[in-house]
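Visitor: I've got a model to look through with you. Could you walk me through its charged pairs and its surface?

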Amino acid sequence: MSTTASGGVRGSCGGSRGTASELSIVRVRELATDPPPPPRGQGWRRGPLGGGASEPRPGSAGRGRGFGTVARVTRRRGLPGGCGPDVRALRPDRLIPELLQGNQPAANGSTRRKKSRVYSKLKGGRALWTRQSLDSVDIQPACLGLYCGKTLLFKNGSTEIYGECGVCPRGQRTNAQKYCQPCTESPELYDWLYLGFMAMLPLVLHWFFIEWYSGKKSSSALFQHITALFECSVAAIVTLLVSDPVGVLYIRSCRVLMLSDWYTMLYNPSPDYVTTVHCTHEAVYPLYTIVFIYYAFCLVLMMLLRPLLVKKIACGLGKSDRFKSIYAALYFFPILTVLQAVGGGLLYYAFPYIILVLSLVTLAVYMSASEIENCYDLLMRKKRLIVLFSHWLLHAYGIISISRVDKLEQDLPLLALVPTPALFYLFTAKFTEPSRILSEGANGH
């Protein structure tokens, strides 16, 4: 708002006093409570809009209120006490009329409150006109909920228009300012290790049930093991190819910040305790849904390849035992799906320890069941060596997952602990005699 080059605003002391250098603009745009009252025992009095003066009056503390508009007033240094600006300068019809229309719609659909306030305070017998804020404030409803955000509707250069607070689209998650941002980061090493663990689960279960139901037909079991490995490998490659970005063996993801990121359905806000705002989305995109896609491809490939292979090479098995490994897969795939749906977040943080514990237990059970008591018994069959090296790989996988290889020079020596469980078993087997324990258990003692 411009001021005149010369002359002032007529005050209560008469005459036009002050120059342009002595003029000040008071411009307040933030609606707030009443201004603080003048000191005790003194107050100020509003003059009529048509004329008069605004001057301090003793004994009227706390009775003054500001004018709801943008004001142009004058202030002259050294004015005698009781002199104030001409109230006619504060008349709404002489200022900006559109500011008095209340809330105005802004370009982004929000409302902007245009009301202003001007007040004076007494200091040394003079009326000093102060301002509270120079900037306008956009008044928008707060975005409630831990995972609710505002979706970008339009962007033109530096102008961004966001919609109402709600659920973020797939492939996006909220930031600290409650805006939905696309997932553009690359998965960390720990994320890839988690996906590898979830990919290994069906493969290990396939191998276990193939070995369980194949009996002594080692050739038949070997072909089925290779087929299961082929199925899971192709399913993993196809899953990466169909994920965003499509057509490359690469995925973009959102970083996992805390355990609640896996269970956004538990954090839908209810502002009035009646209506629930549904903001459920995949905050850990795509670590949650990509596992389901992988399991679906594994199941389809198994149903297409495994029955034909079993029918050709498993002729020595009975008709009832021939497809039992396939039937077992039809049971454990739904179990794995429910496990991922319910405990995906828990598995994400606990899978390194699960790998270590299970690999140690299964190795001990296998070596005791095979009556391996020394190194010679271990080297007699190639199958036992394959099982031993497979468990060592699982040990190394678990150690790397726990350490995350943040400091390579400190974490790599931990891999020397991989053969420790097997060596400990061989050194202590003569004290436990697992063959005697198995024979007694078979006899019912």
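This is a predicted model: local features need pLDDT of at least 70, side-chain atom pairs count only at pLDDT 80 or more; totals for chains, interfaces and linings use all residues.

Visitor: How many salt bridges does the structure hold?

Guide: Side chains of opposite charge can pair when their charged atoms come close. With the 4 Å cut-off applied, the count for this structure comes to eight salt bridges.

Visitor: Which parts of the chain does the pair Arg173 and Asp261 link?

Guide: The two side chains meet in a salt bridge at 3.4 Å, N to O. Arg173 and Asp261 sit 88 residues apart. The parts they link are strand S12 (residues 172-174), for Arg173, and the loop between helix H2 (218-242) and helix H3 (289-313), for Asp261.

Visitor: How many residues apart in sequence are the parts tied together by Arg255 and Glu188?

Guide: Their side chains form a salt bridge at 3.1 Å, N to O. Arg255 lies in the loop between H2 and H3, while Glu188 is in the loop between strand S13 (180-182) and helix H1 (189-214), so the pair ties together parts separated in sequence by 67 residues.

Visitor: And which residues are linked with Arg255 in a network of salt bridges?

Guide: Arg255 has 40% relative accessibility, so it counts as partly exposed. Glu188, at 31%, counts as partly exposed too. The network joins Arg255 to Glu188 and Glu185.

Visitor: What is the relative accessible area of Arg306?

Guide: Arg306 in helix H3 pairs with Glu231 in helix H2, 75 residues apart, and their salt bridge spans 2.9 Å, N to O. Glu231 is buried, with a relative accessible area of 1%. Arg306 is buried as well, and its value is 0%.

Visitor: Now the surface: which residues form a nonpolar patch there?

Guide: Together the patch residues have about 590 Å² of accessible area. One of them, Leu257, has its place in the loop between H2 and H3.

Visitor: Is Leu257 itself buried or exposed?

Guide: Its relative accessible area is 60%. Exposed means over 50%, so Leu257 counts as exposed.

Conventions: Residues are numbered from 1 along each chain as its sequence is written. Side-chain values use heavy atoms; hydrogens and water are left out. Helices (H or I, at least four residues) and strands (E, at least two) are DSSP runs, numbered from the N terminus. Buried means under 20% relative accessible area, exposed over 50%, partly exposed in between (1.4 Å probe, protein chains only). Patches are made of residues with over 30% relative accessible area and no salt bridge: like charges are joined within 9 Å, nonpolar side chains (Val, Leu, Ile, Met, Phe, Trp, Tyr) within 5 Å. Accessible areas come from the Shrake-Rupley method with a 1.4 Å probe; for residues, only the protein chains shown count as cover.
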